[in-house]
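Open the structure in your viewer and keep the selection tool at hand. The stops below are meant to be taken in order.

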Amino acid sequence: MTAERVKHIEPSKTVELTARIAELKRQGEKVIGLNVGEPDFVTPPHICAAANQALKEGFTKYTPVMGILPLREAICRKLERENHVCYTPDQITIGAGAKQCIYAALMAVCNPGEEIIIPYPCWVSYTEMVKMAGGTPVLVPCREDFSLDAEAIRNAVTDKTRGILINTPNNPTGAVYSGEALKELGQLAVQKDFYILADEVYEAMVYDGAEHVSIASLSESEEWKDHIILINSFSKTYAMTGWRLGYLAASLEVIGAVNKLQSQMVSSIHSLSQKAGIAALNGSQDSVADMVAEYEKRRRYVYSRLESMEGVNCRLGEGAFYLLPDIRAYYGASYGEWEIKDDIVMAEYLLQEAHIAVVPGSVFYAPGHLRITYAASQAELKQAMDQMEEALEKLH
Ligand code: PLP
């Protein structure tokens with residue numbers, strides 16, 4: 001018999017789909033996976049070398065709960081250098097990826113029954129993590145072009161609002177929020193006294209001259225900054241998903257609460273990953289630039305292919321590594337036994353008929369869309385787009 005709380009939590013649909021595709025591949029099916037939000041690159045060698053060296057030196061013990069000091073110092077330097085925001089090492093804590101950091105932050109600030117506003121389309125885990133923390137997710141739509149709708153957010157604020165969880169650059173839309181919109185949000189948070197949890201894991205992936213603005217850098221006062229909980233990770237920027245390394249930057253009060261929880265939940269984060277994280281931040285950033293340049297080519301390619309497919313409408317997001325094409329023009333179309341009644345059926349159709357795995361948009365509160373990851377090789381992307389085009393042409 002399991003606990004009541006688990007009954008109200010959905011398992012991660014994207015993690016489930018990843019497991020299903022892995023199983024199909026294991027059985028010998030030729031599926032091209034454009035479903036996983038994961039760089040297809042390996043972790044750069046100098047980062048792996050640092051972990052190897054730490055292993056050789058026997059750096060295999062528990063570390064402090066909040067992470068080793070040189071890593072937190074490296075994070076502070078990075079935040080100052082790249083995000084133009086100053087934190088001290090005691091305002092940083094390390095977690096097992098951004099995912100675990102977000103959960104710990106929600107546990108630290110959200111009382112049972114309080115509300116966390118989430119602009120949508122949004123990452124699949126946000127609503128469930130809010131529920132796990134005892135809070136109530138309040139979904140607020142973004143504008144048609146996936147930008148933040150400050151007015152709608154303002155109208156959603158109640159006396160129970162404890163925070164807003166934003167993600168820029170955005171998964172699944174690729175939107176990069178403007179400095180003006182973020183500033184408005186920051187002012188609202190101070191005025192109404194709630195937290196902004198800013199998930200910036202895709203910050204390195206911005207294209208066409210778009211600029212990632214960290215909301216903390218817009219702070220007009222210390223009070224302003226204390227209302228922000230900045231969350232970032234090594235997973236996407238450095239192709240380090242398996243290392244499970246992320247971090248939080250926040251006020252001493254919030255970090256203290258997170259550290260208390262982490263001391264009971266995880267004791268400390270993987271020691272070798274922390275050494276790898278130092279090398280990632282302090283070392284050359286050339287591999288990041290190379291990866292981003294490659295994503296940029298793929299983004300243009302996939303976008304142009306989708307755009308040329310009849311009935312597919314796609315917005316070219318400026319960030320992350322996702323496109324979210326609208327496929328509603330196919331609703332009611334059929335082929336053989338298939339009748340496309342929604343994005344879930346369309347994703348299943350593409351899996352079975354085109355052998356490509358994409359995620360139904362409804363998983364991200366974007367029904368009628370498909371989320372396509374372009375973190376795959378150019379050859380795979382070409383083949384996937386050819387197969388998708390062919391499968392769509394069969395639908396009438
Ligand atoms: N936040 C967003 C928006 C994501 O898309 C993901 C992973 O897909 C994460 C956080 C989790 O990142 P990490 O691997 O650091 O836990």
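This is a predicted model: local features need pLDDT of at least 70, side-chain atom pairs count only at pLDDT 80 or more; totals for chains, interfaces and linings use all residues.

Residues are numbered from 1 along each chain as its sequence is written.

**Stop 1: the two domains**

Colour residues 4-42 + 287-393 as domain 1 and residues 45-282 as domain 2; such bounds come from an automatic or database domain assignment. The C-alpha centres of domain 1 and domain 2 are 26 Å apart. To their contact, domain 1 brings 32 residues and domain 2 brings 33 residues. Two residues are in contact if their C-beta atoms, placed from the backbone, lie within 7 Å.

Now select α2 (13-26), α12 (286-307) and β9 (322-323), the elements that each give two or more residues to the side of domain 1 that touches domain 2. Helices (H or I, at least four residues) and strands (E, at least two) are DSSP runs, numbered from the N terminus. The largest share of this side, 6 residues, belongs to α12. By class, the side of domain 1 that touches domain 2 holds 17 nonpolar, 7 polar and 8 charged residues. Ala, Val, Leu, Ile, Met, Phe, Trp, Tyr, Cys and Pro count as nonpolar, Asp, Glu, Lys and Arg as charged, and the others, Gly among them, as polar.

**Stop 2: α12 and α14**

Show Arg298, Tyr301, Val302 and Arg305 of α12 with Gln378, Leu381 and Met385 of α14, which make the contact.

**Stop 3: the ligand**

Which residues come nearest to the ligand? Of the 13 residues around the ligand, these are Gly97, Ala98, Lys99, Ser233 and Ser235 (near: a C-beta atom, placed from the backbone, within 6 Å). Helix α5 (residues 97-109) gives the most to this shell, with 3 residues. The shell divides into 3 nonpolar, 8 polar and 2 charged residues.

**Stop 4: Asn282**

Last, select Asn282 in helix α11 (residues 271-282). Asn282 is partly exposed, because 16 other C-beta atoms lie within 10 Å (buried is 20 or more, exposed 12 or fewer, partly exposed in between; C-beta atoms are placed from the backbone).
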